[in-house]
Amino acid sequence: MKNIVLILYIISLKYFNFEKKIISYFSFAFQILKGSNFKTRTKNRSDINFLRQLLNSNPKKRLAVFVAYHEPDILSQSNLNYLNILKQNNFEIMYVHNGLLKDNIKEKLKRYGCFVICRENVGTDIGAYKDSL
C-alpha cells in the first residue's frame with residue numbers, strides 16, 4: 001500500500017511540474033507574440049538619472065534591488081522596515097513593483113529615496129530583476 005501511495009505521489013509531482021512548464025512556455029510565447037519586452041513591461045519607470053545621482057553621491061556605491069508585489073494603494077510595514085534597514089546600511093534602493101502603484105505610494109517610496117519601477121506582472125519573480133537591470 002505504501003508503494004502505491006508513493007508512486008501516485010511521484011506521478012502527481014511530475015504531472016504538476018510538467019503542467020507548470022507548459023503554462024510557462026505558453027505564457028512566454030504569448031508575451032513574445034504580443035511584442036512584449038522589458039521596455040514595454042516597465043512603462044512606469046522613473047528618470048534613470050535620479051538613480052545615477054543617488055549612486056554617485058553614495059560613497060560605498062551599493063545598490064539593492066527590492067522586488068515586491070502588493071496592493072497598489074498599500075505599502076506594508078515589513079517592506080518599510082526592510083527599506084529602512086537597507087538605507088541604514090548605505091544602500092541605494094531600486095524598488096521594483098510587479099503591477100501598478102498609486103501615486104501616493106510612489107511618492108512615499110521616493111521620500112525613502114527609492115528609485116521606483118512598476119512593471120507588468122507577468123512571468124516569474126526573477127523576471128522583475130531581469131527587467132529592472
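**Salt bridge, cores and overall form of the chain**

The structure holds 1 salt bridge. The model is a predicted one. The pair consists of Glu92 and Lys87, whose side chains meet at 3.0 Å, N to O. Side chains of opposite charge can pair when their charged atoms come close. The two partners differ in their cover. Glu92 counts as buried, because its relative accessibility is 9%, under the 20% cut-off. Lys87 is partly exposed, with a relative accessible area of 27%.

Asn90 lies in the loop between helix 4 and strand 3. Its phi is positive, at about 65 degrees, although Asn90 is not a glycine. Asn90 is partly exposed, and its relative accessible area comes to 36%.

The overall form of the chain was examined next. Its secondary structure amounts to 6 helices and 4 strands. Read from the N terminus, the elements follow the order α-α-β-α-β-α-β-α-β-α. The radius of gyration is 19 Å, well over the 14 Å that the globule rule gives for 133 residues, so the chain is more spread out than a compact globule. Along the principal axes, the C-alpha atoms fill a box of roughly 65 × 35 × 30 Å. Of the 133 residues in the chain, 31% are buried. Contacts were also sorted by distance along the sequence. Among those with a separation of 6 or more, 66% join residues 24 or more positions apart.

The chain exposes about 9400 Å². Carbon and sulfur atoms supply 61% of this area. A nonpolar patch on the surface is formed by Met1, Ile4, Val5 and Leu8. Together these residues have about 460 Å² of accessible area. Ile4 belongs to helix 1, which covers residues 2–33.

The largest nonpolar core has 15 residues. Those with the most contacts inside this core are Phe66, Leu83, Tyr95, Leu101, Leu109 and Cys114. Several elements give two or more residues to the core: strand 2 (62–68), helix 4 (77–88), strand 3 (91–98), helix 5 (103–111) and strand 4 (114–119). Another core, of 6 residues, lies apart from the largest one. Its members include Met94, Phe115, Ile117 and Ala128.

The surroundings of Phe66 were then listed, leaving aside neighbours within four places in sequence. Phe66 is in contact with Asn79, Tyr82, Leu83 and Leu86, and also with Ile93, Met94, Tyr95 and Val96. Met94, another partner of Phe66, is a member of the core of 6 residues.

A further site is Thr42. This residue sits in the loop between helix 2 (38–41) and strand 1 (44–45). Thr42 is buried, with a relative accessible area of 5%. Beyond its neighbours within four places in sequence, Thr42 is in contact with Ile117, Cys118, Arg119 and Asp131. Thr42 and Tyr82 are 40 residues apart in sequence. In space, their C-alpha atoms are 23 Å apart. Tyr82 is in turn one of the contacts of Phe66.

Key. Residues numbered from 1 in each chain as written. Predicted model: local features only at pLDDT ≥ 70, side-chain atom pairs only at ≥ 80, totals over all residues. Heavy atoms only, no water. Salt bridge = Lys/Arg side-chain N within 4 Å of Asp/Glu carboxyl O. Buried < 20%, exposed > 50% of the residue type's maximum accessible area, 1.4 Å probe, protein only. Patch = residues over 30% accessible without salt bridge, like charges linked within 9 Å, V, L, I, M, F, W, Y side chains within 5 Å. Areas by Shrake-Rupley, 256 points an atom, 1.4 Å probe, with all protein chains shown as cover. Rg over C-alpha atoms; globule rule 2.2 N^0.38 Å. Contact = heavy atoms within 4.5 Å. Core = buried A, V, L, I, M, F, W, Y, C linked by side-chain atoms within 4.5 Å.
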